[in-house]
Protein chains: 2
Amino acid sequence: MSAERQVLEGQRVPEATVARLATYLRVLTGADFHERGTVSSEELASAAGVNSALLRKDLSYLGSYGIRGVGYDVSSLGAQISRILGVTVNQSVALIGAGNLGLALAGYAGFSTRGFRIAALLDADPAMIGRDVRGFEVRDIADLEAVVAAEGIAIAIIATPAEVAQAICDRAVEAGVTSILNFAPVVLAVPAHVDLRQVDLAAELQILSFHENRKAAALLSAGNSADVLEDDTSARWRAEA
Amino acid sequence: MSAERQVLEGQRVPEATVARLATYLRVLTGADFHERGTVSSEELASAAGVNSALLRKDLSYLGSYGIRGVGYDVSSLGAQISRILGVTVNQSVALIGAGNLGLALAGYAGFSTRGFRIAALLDADPAMIGRDVRGFEVRDIADLEAVVAAEGIAIAIIATPAEVAQAICDRAVEAGVTSILNFAPVVLAVPAHVDLRQVDLAAELQILSFHENRKAAALLSAGNSADVLEDDTSARWRAEA
DNA sequence: GGCGATTTGGGAAAACTTTCACACGGGCGT
DNA sequence: ACGCCCGTGTGAAAGTTTTCCCAAATCGCC
């Protein structure tokens with residue numbers, strides 16, 4: 001077992017790891033580490049809110065080599081992760097829906113600083129079409145297919161009302177989009193070759209609400225309320241996937 | 001083993017299940033099922049985009065009883081899930097940050113229809129404070145502690161710039177908030193008794209970008225491009241956690 | 001009133017994810 | 001040059017989540 005380690009690329013990266021890589025990259029490019037030459041897995045893991053063994057395992061899927069006894073080179077690790085995530089050059093995305101949320105997303109600076117360019121902002125409302133908002137001209141959703149083709153867009157963000165999301169999604173897929181980030185509170189059906197991520201804002205709150213309920217119940221059954229608030233040894237944290 | 005099934009409550013519900021319960025509830029209260037008397041696990045699972053065995057297992061944690069040979073009673077299942085999630089009565093949440101995203105969230109109808117009430121919209125910008133946006137008066141962030149106490153707020157949404165998110169978070173926790181939904185692209189540190197969920201919009205795109213890369217690589221190595229787009233047997237789907 | 005079609009509930013296996021623990025490699029001080 | 005210390009990389013164990021599969025329960029029909 002020595003001639004089979006030259007794979008490096010094409011190796012399977014677990015889904016859970018991919019999600020964390022984005023966080024690592026954000027932390028690495030943040031002010032705290034940008035200046036430094038190297039980081040240890042301990043430091044980076046703590047800044048990212050994960051266990052250091054997990055961070056090392058995650059990075060090991062990249063084939064990225066740290067230096068034993070030293071750590072990882074900040075800039076080359078960042079480059080490595082960027083490459084794996086495919087964000088070395090800005091990718092064009094279509095933002096569909098210029099309502100509340102769509103406009104907020106159009107104005108979100110984080111997209112452009114982290115590898116994406118909003119190539120088009122589309123809407124169905126005649127009152128919006130043609131208007132210039134946040135530097136984007138709102139285009140007619142009727143032009144969706146043309147825009148996708150012209151800009152070579154592979155990723156679409158859906159921020160439309162729930163009722164039309166599936167129809168828009170179908171059109172986007174038909175036009176050639178192969179990844180969709182959906183903010184509409186509906187479960188979209190897409191063909192197997194299309195990747196889909198749902199962000200459901202109310203659902204996030206409901207999950208927190210569940211835990212609130214739990215905490216309330218625990219307090220009641222635990223009887224005395226003392227010492228329940230006592231267990232925060234300095235600065236523990238807990239991020240939930 | 002027969003006298004130990006009276007637990008029903010206080011049973012552990014896996015984290016992954018909780019996240020899906022919110023989806024099931026949304027689907028159940030949607031137009032497709034609201035009218036109907038019962039649903040089978042197959043139907044509901046398909047509408048929610050999950051495997052039916054998984055749905056049944058999820059529901060089994062609720063102690064919720066379906067009827068064999070029939071399915072689940074739509075309205076009582078909805079009530080059951082609402083109760084478990086703690087959304088039977090609207091909960092008050094504080095929305096911190098009246099920028100781009102904060103304002104969009106303030107205008108998001110889904111919160112109020114799904115169990116939450118924005119009890120306060122706070123910001124630090126003197127130009128915003130006092131203004132009335134989307135029916136909310138923007139309050140001074142200096143009043144955070146007072147608002148949390150007065151309204152009995154347990155859940156806060158952070159939609160501030162990244163630089164101030166940790167400081168705001170600390171203050172909210174100190175004031176008594178025990179659940180935080182964070183949209184700022186930083187990893188927040190919170191004491192162990194506080195629940196935290198992160199929503200990182202750019203990270204979502206980066207995850208999709210990763211898969212785009214993969215698909216592109218697969219196409220190249222697979223050589224011929226035919227039959228790659230052929231495998232969507234009718235309407236398969238795939239939601240990714 | 002019994003029989004067959006249907007669909008839940010849950011045990012057991014499989015798959016996936018995280019944590020543990022430690023051997024190994026590399027730099028640094030002397 | 002040598003050895004010590006530090007921190008990576010990774011097997012193996014532990015934990016979590018999903019899937020498989022079938023016995024048991026219920027309804028509707030004859």
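Two residues are taken to be in contact if their C-beta atoms, placed from the backbone, lie within 7 Å. By this criterion, residues 24 or more positions apart account for 54% of the contacts in chain A with a separation of 6 or more. The model is predicted: local features need pLDDT of at least 70, side-chain atom pairs count only at pLDDT 80 or more, and totals for chains, interfaces and linings use all residues. Residues are numbered from 1 along each chain as its sequence is written, while chains are lettered from A and ligands numbered from 1 in the order in which they are written.

Chain A contains 10 helices and nine strands. These elements are DSSP runs, numbered from the N terminus; helices are H or I runs of at least four residues, and strands are E runs of at least two. Chain A has 241 residues, of which 42% count as buried. A residue is buried if 20 or more other C-beta atoms lie within 10 Å of its own, exposed if 12 or fewer, and partly exposed in between.

Within chain A, the packing of two helices was examined. The axes of α1(A) (residues 15-29) and α3(A) come within 9 Å and cross at roughly 105 degrees. Axes are lines fitted to C-alpha atoms, for helices over the stretch in contact, and angles run from 0 to 180 degrees between N-to-C directions. α1(A) is therefore roughly perpendicular to α3(A). Angles of 65 to 115 degrees fall in that class; those under 35 count as roughly parallel, those over 145 as roughly antiparallel, and the rest as oblique. A:T23, A:Y24 and A:V27 of α1(A) meet A:L44, A:A47 and A:A48 of α3(A). Five of the residues in this contact are nonpolar, one is polar and none is charged. Ala, Val, Leu, Ile, Met, Phe, Trp, Tyr, Cys and Pro count as nonpolar, Asp, Glu, Lys and Arg as charged, and the others, Gly among them, as polar.

The surface around DNA strand D draws on both protein chains. It comprises 27 residues, the closest being A:G66, A:G69, B:P14, B:N51 and B:G69. A residue is near a strand if its C-beta atom lies within 6 Å of it. At least two residues each come from α3 (41-48) and α4 (52-61) of chain A, and from α1 (15-29) and α4 (52-61) of chain B. The largest share, five residues, is supplied by α4(A). By class, this surface has 12 nonpolar, eight polar and seven charged residues.

Chains A and B also touch each other. The interface pairs 68 residues of chain A with 68 residues of chain B. Helix α10 (residues 201-221) of chain A gives the largest share of the chain A side, 14 residues. That side has 38 nonpolar, 16 polar and 14 charged residues.

Chain A can be laid on chain B with an RMSD of 0.1 Å by a turn of 180 degrees and a shift of 0.0 Å along the axis. The two copies are thus related as by a two-fold rotation axis. The same surface serves both copies, as 100% of the contact residues of chain A recur in chain B. Superposition was by least squares on the C-alpha atoms of residues with pLDDT of at least 70 in both copies. Of the residues of chain A, A:A104 comes closest to the axis, with its C-alpha at 3.1 Å.

A:R134 has a positive phi, near 50 degrees, and is not a glycine. A:R134 sits in the loop between β5 (132-133) and β6 (136-140) of chain A. A:R134 is partly exposed, with 14 other C-beta atoms within 10 Å. B:R134 has a positive phi of about 50 degrees, and lies in the loop between β5 (132-133) and β6 (136-140) of chain B.
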